[in-house]
Amino acid sequence: MLEKIQEALMAGRKAEVETLVDQALASGIPTRRILNEGLIAGMEKLGVLFKNNEVFIPEVLVAARAMNAGLTKLEPNLIKEKIEPKGLVVIGTVKGDLHDIGKNLVAMMLKGAGYKIVDLGADVSSEKFVDALRANKADILALSALLTTTMVQMKTVILAVQGAGLGVPIIVGGAPLTQDFADQIGARGYASDAASAVDIVHRLLAR
Ligand code: B1M
């Protein structure tokens, strides 16, 4: 079943991914396994093909649409019922970067952990981040970047937030990042995956 999800995702068959995720949930496969061994594993395989020029942007785009559809199916299970949000997190992918799947996953996991999320989407300017932090009285800003060319934009956002006199802690994540990079740009935290992002937010807000 999980391999079928991988195959349908890689082929960009959105409706089939949705059906298979529903079937997997109905047959009792844990949500985490459907996510990690179905959707994410399929996207990782596709990433290798993309890197080797065996598939191209159109194929990756349709697969991304199928992935987001699968994630939406999993969302209710990833989100536990919470009455009072534990805090408010503004999240977005930095300017110039259109990758939003990992960011969406982090947003879902944070929602699941009881936080209110203001998701600004992808290709977000530092001005927009600053405006959203102010407008929502945010507790944390979470930034995502998937490209070596856009991860540097995170430093621009951090400077803009500091320049605006906002002391909101900023955490960063995305495949090309490292803890060293996060330290260099003055981020308060780095998460290599969505689950660690939740841990870091818990830790920062517990202080
Ligand atoms: Co792009 N792309 N892409 N792409 N793409 C990568 C990232 C790449 C590694 C592929 C490759 O060459 N192997 C490569 C980057 C190379 C580099 O810079 N080092 C690349 C490239 C080069 C490009 C283009 C430049 C291609 C081109 O035009 N020639 C172009 C750039 C467009 C732009 O952004 N301006 C481009 C375009 C695209 C698509 C639009 C086609 C599509 C994105 C669709 C979308 O997101 N809606 C796409 C995709 C899908 C990928 C790959 C295949 C998959 C990314 C993904 O969604 N992974 C990717 C290859 C790969 O990563 N294997 C690739 C699944 C996701 C769950 O993982 O996003 O890593 P990830 O998120 C993880 C963690 O990183 C972390 O938690 C998540 C869950 O565990 N995390 C955070 C992420 N954000 C976080 C934020 C946090 C905390 C943790 O907040 C604190």
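Guide: N104 counts as buried because its relative accessibility is 14%; buried means under 20% relative accessible area, exposed over 50%, and partly exposed in between (1.4 Å probe, protein chains only). This is a predicted model, in which local features need pLDDT of at least 70 and side-chain atom pairs count only at pLDDT 80 or more, while totals for chains, interfaces and linings use all residues. Residues are numbered from 1 along each chain as its sequence is written, and side-chain values use heavy atoms, with hydrogens and water left out.

N104 belongs to helix α5, helices being DSSP runs (H or I, at least four residues) and strands likewise (E, at least two), numbered from the N terminus. Between the C-alpha atoms of N104 and F56 there are 22 Å, although 48 residues separate the two along the chain.

I turn now to the ligand. Around the ligand stand 33 residues, of which G96, L98, H99, D100 and S144 come nearest; a residue counts when one of its heavy atoms lies within 4 Å. The side chain of H99 places an N or O atom 2.8 Å from a nitrogen atom of the ligand. Elements contributing two or more residues to the shell are α3 (31–51), α4 (57–78), α5 (101–112), β3 (140–144), β4 (170–173) and α9 (194–206). Because domain 1 (2–80) and domain 2 (88–206) both supply shell residues, the ligand lies between them; the domain bounds come from an automatic or database assignment. By residue type, the shell holds 20 nonpolar, nine polar and four charged members.

T150, in the loop between β3 and α7 (153–163), is buried, as its relative accessibility is 5%. The side chain of T150 makes a polar contact of 2.7 Å with that of D97, the term requiring a donor and an acceptor, N or O, within 3.5 Å. N53 sits in the loop between α3 and α4 and is exposed because its relative accessible area is 53%. Phi of N53 is near 60°, a positive value in a non-glycine residue. D123, in the loop between β2 (116–119) and α6 (126–136), also has a positive phi, near 55°, without being glycine. At 41% relative accessible area, D123 is partly exposed.

Conventions:
Nonpolar A, V, L, I, M, F, W, Y, C, P; charged D, E, K, R; others polar.
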